[in-house]
Amino acid sequence: MKITYISYGTDIPPSGHMYVNTKTNKANFLQNVRVLNMPCDDPNIEIDLDAILNRMPEGALYMKCDRMDVFDHGDKKKSQQEMYAKGHVLVQAKDFWGRSNTMTYNEAKDQIIFEGGESGLATLYKIKQRGAEPQKIEGKTIVYIRSTGMFKIEGGEWISSN
């Protein structure tokens with residue numbers, strides 16, 4: 001079982017917005033969006049994003065951005081979420097973190113695509129060993145498969161990060 005927790009807006013008006021279309025299984029979140037997607041056996045778990053960021057659980061994925069579009073392509077038996085983040089994107093997990101202008105997360109493929117945008121680069125930092133300097137990967141587009149640790153840089157080949 002997995003849980004997806006989404007926080008958006010601020011305490012200061014005007015706050016963020018959420019738009020949901022149940023016919024298309026799509027939700028849009030605007031302004032200071034924070035998302036935590038992680039394995040969880042308790043659907044009533046109390047979520048404290050700041051505390052969890054300090055000790056990321058295995059398999060957890062945290063995202064922060066200006067806008068997030070969430071699509072659910074699954075059925076009642078299995079969720080297959082796809083998330084599209086835009087604007088000042090930060091993604092963090094136990095063994096990596098990354099920054100980009102836009103990001104697409106495909107849960108079924110366990111794939112993250114970082115895009116730097118027109119005038120920038122996307123950056124992925126992979127932790128190879130605790131306490132060691134992380135591996136830095138930069139490019140216009142970085143495709144990262146979480147389950148295998150493999151990544152592809154725009155114009156490059158798949159590379160194993162073992």
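User: Start with the inside. Which residues touch the most other members of the largest nonpolar core?
Analyst: This is a predicted model. In its largest nonpolar core, which has 25 residues, Met-68, Val-91, Phe-96, Met-103 and Phe-114 touch the most other members.

User: And which elements give two or more residues to this core?
Analyst: Strand 3 (26-39), strand 4 (61-72), strand 5 (81-92), strand 6 (96-106), strand 7 (111-115), strand 8 (122-126) and strand 10 (141-145). Strand 4 gives the largest share, 5 residues.

User: Pick Met-103. What does Met-103 touch?
Analyst: Leaving out residues up to four places away in sequence, Met-103 touches Met-63, Met-83, Tyr-84, Ala-85, Val-89, Val-91, Ile-112, Ile-113 and Phe-114.

User: What does the second core include?
Analyst: That core is separate and has 11 residues, including Leu-36, Met-38, Leu-49 and Ile-52.

User: Changing topic: how many aromatic pairs does the structure hold?
Analyst: There are 3 aromatic pairs. One of them joins Tyr-8 and Phe-29, with 5.4 Å centre to centre and 55° between the planes, so by the angle cut-offs for ring pairs it is tilted rather than stacked or edge-to-face.

User: Where do Tyr-8 and Phe-29 lie?
Analyst: Tyr-8 is in the loop between strand 1 (2-7) and strand 2, while Phe-29 is in strand 3. These parts are 21 residues apart in sequence, so the pair ties them together.

User: Are those two buried or exposed?
Analyst: Tyr-8 has a relative accessible area of 30%, so it is partly exposed. Phe-29 has 7% relative accessibility, so it counts as buried.

User: OK, another pair. What about Trp-97 and Tyr-125?
Analyst: Trp-97 and Tyr-125 form a stacked pair, 4.9 Å centre to centre with 15° between the planes. Trp-97 is in strand 6 and Tyr-125 in strand 8, 28 residues apart, and the pair links these distant parts of the chain.

User: How exposed is each of them?
Analyst: Trp-97 is partly exposed at a relative accessible area of 29%. Tyr-125 counts as partly exposed too, at 21% relative accessibility. The cut-off for buried is under 20%, so Tyr-125 does not count as buried.

User: Where are they, and are they buried or exposed?
Analyst: Gln-31 lies in strand 3 and is partly exposed, with a relative accessible area of 30%. His-88 lies in strand 5 and is exposed, with a relative accessible area of 67%.

User: Last one: Gln-111. Buried or exposed?
Analyst: Gln-111 is buried, with a relative accessible area of 14%. Gln-111 lies in strand 7.

User: What is Gln-111 in contact with?
Analyst: Apart from neighbours within four places in sequence, Gln-111 is in contact with Thr-104, Tyr-105, Asn-106, Val-143, Tyr-144 and Ile-145.

Notes. Residues are numbered from 1 along each chain as its sequence is written. This is a predicted model: local features need pLDDT of at least 70, side-chain atom pairs count only at pLDDT 80 or more; totals for chains, interfaces and linings use all residues. Side-chain values use heavy atoms; hydrogens and water are left out. A nonpolar core is a set of buried Ala, Val, Leu, Ile, Met, Phe, Trp, Tyr and Cys residues joined through side-chain atoms within 4.5 Å. Buried means under 20% relative accessible area, exposed over 50%, partly exposed in between (1.4 Å probe, protein chains only). Helices (H or I, at least four residues) and strands (E, at least two) are DSSP runs, numbered from the N terminus. Contact means heavy atoms within 4.5 Å. Rings of Phe, Tyr and Trp (its six-membered ring) pair if their centres lie within 6.5 Å; planes under 30 degrees apart count as stacked, over 60 as edge-to-face and the rest as tilted.
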